[in-house]
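Here is a friendly walk through a few local features of one structure. Please keep the viewer open as you read.

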Amino acid sequence: MGMTGLSSNQVAERGRNGQSNDVKLSTSRTYSDIAKTNVFNPVNIVLYAIGFGMMLVGDFRSAITTVGLVVFNAVVGIIQEVRAKQQLDQIALLARVKVSVLRDGAEQRVDPSELVLGDVLVVRAGDQISVDGVVAGDGKIEVDESALTGESDLILKLPGEEVLSGSFCVTGETLVEATRVGEDSFANKLTKNAREFKTEYTPLQREVNRLLRLLLLIVLFFSILAVLSLFVMDLPFGLWLQVMAVITGSVSAGLLTLITLNYSWGGVRIGQQGGLVQQLNAVESLSNVTVLCTDKTGTLTANKIQYDDVYPVGVDKGTLERLLADFAASATAVNKTSQAIIDKLPGQRNALADEVPFSSARKWSAVAYAGGGVYVLGALEMLEHQFTMPDDARQLAADWSEQGLRVLVFARHETAVTLHDAAGEPALPPLTLLGVVGFSDELRPHLQETIRAFIDNDVRLKVISGDNPQTVAALARQAGLPGDLRAVSGPELALMSEGEFRQTAVDATVFGRITPQQKEALVSALRASGEYVAMIGDGVNDVLSLKKANMGIAMESGSSATRNVAAMVLLGDSFSAMPLALKEGTRIVNSIQNILKLFMVTVFALLLLIIGITMLGLGFPFTALQSTLLSFFARGAPPFVLAVTAVTVRQRITLSQNILHFTLPASFTIFLFGLFIYVGAFFMVDHNLAQITVTPEMIATLERTIGAQSGSMSVEQFNQAAVLLSAQTALTTFFVFTGITLMIFAEPPFAWFAGGAPYRGRNWLPVVAAVALFAGYLVVLALPRLRGFFSLVPLPTLFYVVIALLTVLWVFVQRLVWRTRWLEHFLDMAEETENGQL
C-alpha cells in the first residue's frame with residue numbers, strides 16, 4: 001500500500017464487507033421515543049382508564065374533557081422536547097467536520113462515516129481523529145485525549161504508536177493508518193451501552209404517580225360499590241350515572257395539565273437563559289440534587305489557560321514581561337501557553353537561529369535568536385538543574401501552585417545561538433533564571449456564581465477528573481469550592497473494598513486519575529448511599545457516568561454521545577442558566593406540591609362525605625354539575641393561582657409529609673363541618689323548619705335532576721328533590737368557601753395564616769384571587785339561569801349566614817389543628833414534619 005493509501009476499489013470492497021466507520025449514532029432522541037414517553041407514561045395511562053370508565057357510564061362530556069386534557073398535556077410535552085431534539089440535531093450537524101485521507105495516491109476530504117479499515121488519514125494540528133489507528137508516517141504529533149480519559153496533558157505519539165478515536169491533534173503532522181473502525185473503535189466501545197436516552201423520574205414524579213394510582217384504586221372501589229347499588233338498592237339509572245360521574249370526576253385531568261404547564265414554563269424560562277431542556281422534568285429534577293459531580297477539563301475549565309502574573313528574578317517586571325512577550329511572538333509553534341502570553345502581552349517577532357517546540361515529554365520550549373541569546377520557558381522540575389533559584393522565588397512558585405495556578409519558569413543564556421547538540425538532539429546551555437510565570441485555567445463563564453448557588457442550597461460538589469488529584473484540587477479551590485478538599489486518586493480507589501469505596505465516594509471531594517468506569521462507579525456509589533446525583537460532563541469519557549446519574553448535564557461543545565444522554569445541555573458552554581434553573585426547579589417543586597396538597601384536600605373530603613352521607617341514607621353529596629362547579633372554584637382556580645405564585649425557597653419536605661401535615665387535617669375538618677351543614681340543611685328542609693322559595697327555575701332544576709318531564713312531578717317527588725338539592729347546595733357553597741380559603745392558607749399573605757404552610761412574606765395575589773373567586777361564586781348563586789344550570793337552588797338567607805359563620809369558625813379550628821400538629825402528634829409523626837421545616 002505504501003503511502004498512497006487505499007484504492008477506490010479497495011474502499012468499496014471493505015465498505016461492502018462491513019469494515020466501514022458508518023455507525024448509526026443518534027444525535028438525539030427519536031420522534032417516536034418522544035411521542036411514546038409523553039403519550040403513554042404511567043400517569044396518562046391512569047387517566048385514560050378513568051376516561052374510559054366515564055364513557056362506560058355514559059358521561060361522554062367528562063370523558064372527552066379528561067382525555068382531551070391528557071392529549072393536550074402530551075402535545076405540550078412533545079412540542080417542548082421536539083424543539084430540543086431539533087436544536088441538538090443542528091448542533092451535531094454543525095460540529096461534524098470532514099477528514100483528510102489518502103486514496104489513489106491523492107489527498108481527499110471525506111465524511112468520517114466513509115472511512116474504512118486500512119485508510120490512511122492525514123492528521124494535522126487541530127484535527128479530531130475519527131478512528132483508532134497507528135502513526136504510519138515519519139512525523140510525530142501530540143494529541144489531547146482529555147475527551148476519552150479526562151487527562152489534559154498532551155501525549156506524544158511517535159511512528160508505530162497507537163492513537164485513539166475521539167482524541168485531538170494539538171501539534172505536528174503525520175499519517176495514521178486506521179486499525180479499528182465503527183463499533184470496534186475505542187470511543188464507540190466506551191459509549192456502546194450508554195447511547196440511548198433514558199427517562200429518569202424525579203422523587204416528586206414518583207410520588208405523584210403513586211398518589212394517582214392510589215386514587216385510581218379508591219375510584220375503582222367506589223365504582224364497584226356504585227355498580228352493586230344499582231342492582232341491590234334499585235337506584236334509578238339516571239341517578240346512578242350522576243353518582244358515577246362525581247366519583248370518576250374526582251380525579252381531574254386538569255391536575256396533570258397544571259403540572260405539565262409548570263414543567264413547560266420552566267423549560268421555556270431556562271431556554272431563554274441558554275439551557276436546552278431535553279427532558280420535560282429536567283428543571284424540577286435539578287432542585288432535588290444533593291450531590292453535583294463535574295468533570296474538570298472542558299467542563300469546569302474551557303480547556304484554555306490565561307496569563308496571570310510574573311515574579312521577576314534579577315530584572316524588573318517590565319523587562320521580564322517584554323522578554324516573555326517577544327519569546328511568545330517569535331516562536332513558530334504556538335501552543336496554549338504561548339497563545340495565553342500573546343493574548344495578554346504584545347511582543348516583537350525576532351528572527352530565529354534555532355528552536356525547540358514544546359513537548360509533553362520535555363515540558364519546555366526554547367528559541368535561539370539570530371542575533372544571539374537563548375530563551376527557555378518550561379516546568380520548574382525539568383529545568384531547575386540548569387540554573388540556581390532563590391528561595392523566595394521557589395516559595396512563591398509553591399504558593400502559586402497551591403492556589404491552583406500553572407507555574408512555569410523563564411530563563412536565558414545571553415550569547416548562545418544553538419539548541420541542539422552534535423547528534424541533533426535538543427540540548428540547553430547553562431541558564432540564568434529571569435522569573436516565575438503563573439497561568440490560570442480559564443474557567444467557564446458564570447461557573448463561580450453557579451457553584452455558590454448550589455452550595456447555598458446545601459448541594460455538595462465533587463470534581464471527578466483524569467488529571468492529577470492535587471492539580472484538580474487546586475483548580476477546585478480556584479473555582480470556589482470551600483473548605484479542606486480531600487483528594488483521592490483512581491489507583492487508590494482501585495485498592496479499596498466495596499464498603500471503603502462507597503464511603504470514600506461520599507466523604508471525598510476531589511477525585512483524580514479516574515477512569516471512565518470509575519466515574520460511573522462513583523456515581524453508582526453515591527446513588528446507593530441515598531444521594532440524588534447530577535453529573536456535568538462534555539467528553540466521551542463522561543457518557544457512562546451521565547447515564548448513571550439521576551440527571552445528566554452536557555456542554556454544547558461536548559461529544560454528540562454526551563449531549564444525547566443528557567437531560568439538559570448548556571448552550572455556549574455557559575453556566576449562566578444553572579443558578580436560574582436551580583431556582584426555577586425549586587419553584588416548580590413548591591408549585592406542584594401546593595397544587596397537589598390543595599387538590600387532594602378536596603378529593604379526600606369528597607370521598608369522606610360520600611361515605612358519611614350514604615351511610616346515613618341521606619342521598620349523595622353532589623350532582624355531576626355541582627361537581628363540575630367545584631372542579632373550577634375548589635380544584636381548578638386555587639391550584640392555578642398557587643402555581644403562579646410559588647416561591648423559590650428550597651424546602652426539604654416531601655409530598656407525603658405535606659399531605660400528612662396539610663391535606664389530611666384539612667380533609668377531616670372539611671368533612672366534619674360539611675357533614676354537619678349537609679345534615680342540618682337536609683333536616684331543616686325535610687321537617688319544614690326553613691322556608692324555601694319555590695321559583696320556576698327551581699322547579700325546572702328539580703325536574704332535570706330527577707329526570708322527570710315538565711309538569712309531571714308529584715308532590716312527594718318535588719319534596720324529596722327539594723330537600724336533597726337544598727342540602728347539596730348548602731354543602732357545595734361551604735365546599736367552595738373552604739376551597740378558596742385553603743389557597744390563602746397554602747401561601748399565607750400574612751403571618752396569622754401560617755400553620756399549614758410557613759409565612760414567607762407578603763403575597764397579595766392569592767388574596768386578590770380569593771376575592772375574585774368569592775365574587776364569581778356569588779354571581780353564580782345570584783343569577784337564576786346560571787344557578788339552575790349547575791343544579792343549585794335558592795336557599796334562605798339564614799342558611800347563607802350560617803354557612804359563612806361556620807366557614808369562619810372552620811378557619812380558626814383548622815389554623816389551631818395545623819399549629820398544634822394534632823394529627824402528627826396523634827400518629828406520633830410530629831418530628832418528621834418538623835424536620836421538613838413546616
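## Ground rules

Helices (H or I, at least four residues) and strands (E, at least two) are DSSP runs, numbered from the N terminus. This is a predicted model, in which local features need pLDDT of at least 70 and side-chain atom pairs count only at pLDDT 80 or more, while totals for chains, interfaces and linings use all residues. Residues are numbered from 1 along each chain as its sequence is written, and side-chain values use heavy atoms, with hydrogens and water left out.

Let us begin with helix 16, residues 447-456, where Leu447, Thr450, Ile451, Ala453 and Phe454 are buried. Buried means under 20% relative accessible area, exposed means over 50%, and partly exposed lies in between (1.4 Å probe, protein chains only). These residues cover an arc of only 160° around the axis, so they sit on the same side of helix 16; the arc is that of the directions from the helix axis to the C-beta atoms. As background, an α-helix has 3.6 residues a turn, so residues three or four places apart point the same way. Just after helix 16, aspartate 458 takes a positive phi of about 60°.

Helix 17 spans residues 469-479, and its buried residues include Pro469, Val472, Leu475 and Ala479. Glycine 480 follows helix 17 with a positive phi, near 115°.

Most residues other than glycine have a negative phi. Arginine 513, which is not a glycine, has a positive phi near 55°. Its place is the loop between strand 19 (510-512) and helix 20 (516-528), and arginine 513 counts as partly exposed because its relative accessibility is 30%.

Asparagine 688 also is not a glycine and has a positive phi of about 55°. This residue lies in the loop between helix 26 and helix 27 (696-706). With a relative accessible area of 68%, asparagine 688 is exposed.

## A buried histidine

Is histidine 661 buried or exposed? At 1% relative accessibility, histidine 661 counts as buried. It belongs to helix 26 (residues 655-686), and its side chain makes a polar contact of 2.4 Å with the side chain of glutamate 824. A polar contact is a pair of N or O atoms within 3.5 Å; within protein, one must be able to donate a hydrogen and the other to accept it, and residues adjacent in sequence count only if both atoms are side-chain atoms.

## Aromatic pairs

The structure holds 20 aromatic pairs. Rings of Phe, Tyr and Trp (its six-membered ring) pair if their centres lie within 6.5 Å; planes under 30 degrees apart count as stacked, over 60 as edge-to-face and the rest as tilted. Phenylalanine 633 lies in helix 24 (residues 624-633) and tyrosine 777 in helix 29 (residues 765-782), so the pair ties together parts that are 144 residues apart in sequence. Both phenylalanine 633 and tyrosine 777 are buried.

Tryptophan 752 and phenylalanine 812 form another edge-to-face pair, because their ring centres are 5.4 Å apart and their planes are at 75°. Tryptophan 752 is in the loop between helix 28 (715-746) and helix 29, and phenylalanine 812 is in helix 31 (residues 797-820), so this pair ties together parts 60 residues apart in sequence. Tryptophan 752 is partly exposed at 32% relative accessibility, and phenylalanine 812 is partly exposed at 47%. Ring pairs link both residues into a cluster whose members also include Phe662, Phe745 and Trp818.
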